[in-house]
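Could you take a look at this one with me?

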Amino acid sequence: GIISICQLQGNDFAAVSTSELIHIKNDKLKKYCHKSKLGIADDEYINYVYQTPGQVGKVYILTSKNVYIFDHEFCRGKRIPNLKTADYRIIMRLTKNLYFFGTYGQGYYLHDGVNWTAMPLDNKGFLKFAHTALVDTQNHVWFSSNNGLFRARIQDLINYTKDHHYEIFYYYYDRTSGFATNEF
């Protein structure tokens, strides 16, 4: 079954299951690629596929262990080096050039198109399970997690990517803030 799909360009799509990628163009199957052809190991499962807006051809495949750049014309994947092994689950665009990469249990990363930064967690470590991140009109980033909702200033996150000594203040919302649950 299909677990993730992204629009590559126009009527051109990439869809993934846990073990394959399907390239569909003009409502017709263009290519089928098993994960082994993409360079993804047998013990890895595909979780997500994402096309970066405005960067035709830059397609990310997230797996249970790594992040890959996918070349859909040649049906090849290339693992991004120097990233820690993690169960990568989602990508969200925060600004024009800044992306959130969420993992399951290993925290979150920010990527500016060149550099990858493992971000610091909140003081209780709840952001190890950050599910998604969205930016509001006040330049705050909202993170959903298994254990509550968090808010931080986007500029604080950007400052941390440049100077790893910069402290990020996470404002925490949970049941005491009026929510029916802590799980988001």
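How many salt bridges does the structure hold? Here are my notes, starting with that.

1. The structure holds 3 salt bridges, where a salt bridge means a side-chain nitrogen of Lys or Arg within 4 Å of a carboxyl oxygen of Asp or Glu. Keep in mind that this is a predicted model, in which local features need pLDDT of at least 70, side-chain atom pairs count only at pLDDT 80 or more, and totals for chains, interfaces and linings use all residues. Residues are numbered from 1 along each chain as its sequence is written, and side-chain values use heavy atoms, with hydrogens and water left out.

2. Start with D43 and K65, which form a salt bridge whose closest N and O atoms are 2.5 Å apart. This pair links distant parts of the chain, 22 residues apart: D43 sits in the loop between β4 (28–34) and β5 (46–51), and K65 in the loop between β6 (59–63) and β7 (67–71). (Strands here are DSSP runs of E with at least two residues, numbered from the N terminus.)

3. For the labels, buried means under 20% relative accessible area, exposed means over 50%, and partly exposed is in between, using a 1.4 Å probe and protein chains only.

4. Next, R89 and D87 meet through their side chains in a salt bridge, 3.0 Å from N to O. R89 is partly exposed at 37% relative accessibility, whereas D87 counts as buried at 17%.

5. D156 and R153 also form a salt bridge, with an N to O distance of 2.9 Å. D156 is buried, with 7% relative accessibility, while R153 is partly exposed at 42%.

6. Now for the strands. An open sheet is formed by 4 strands in the order β5-β6-β7-β8, with antiparallel pairing; two strands pair if DSSP finds at least two bridges between them. At the edges are β5 and β8 (76–79), each pairing on one side only. From one strand to the next, the twist averages 30°, based on axes that are lines fitted to C-alpha atoms, with angles running from 0 to 180 degrees between N-to-C directions.

7. Y48 has L62 in β6 as its bridge partner.
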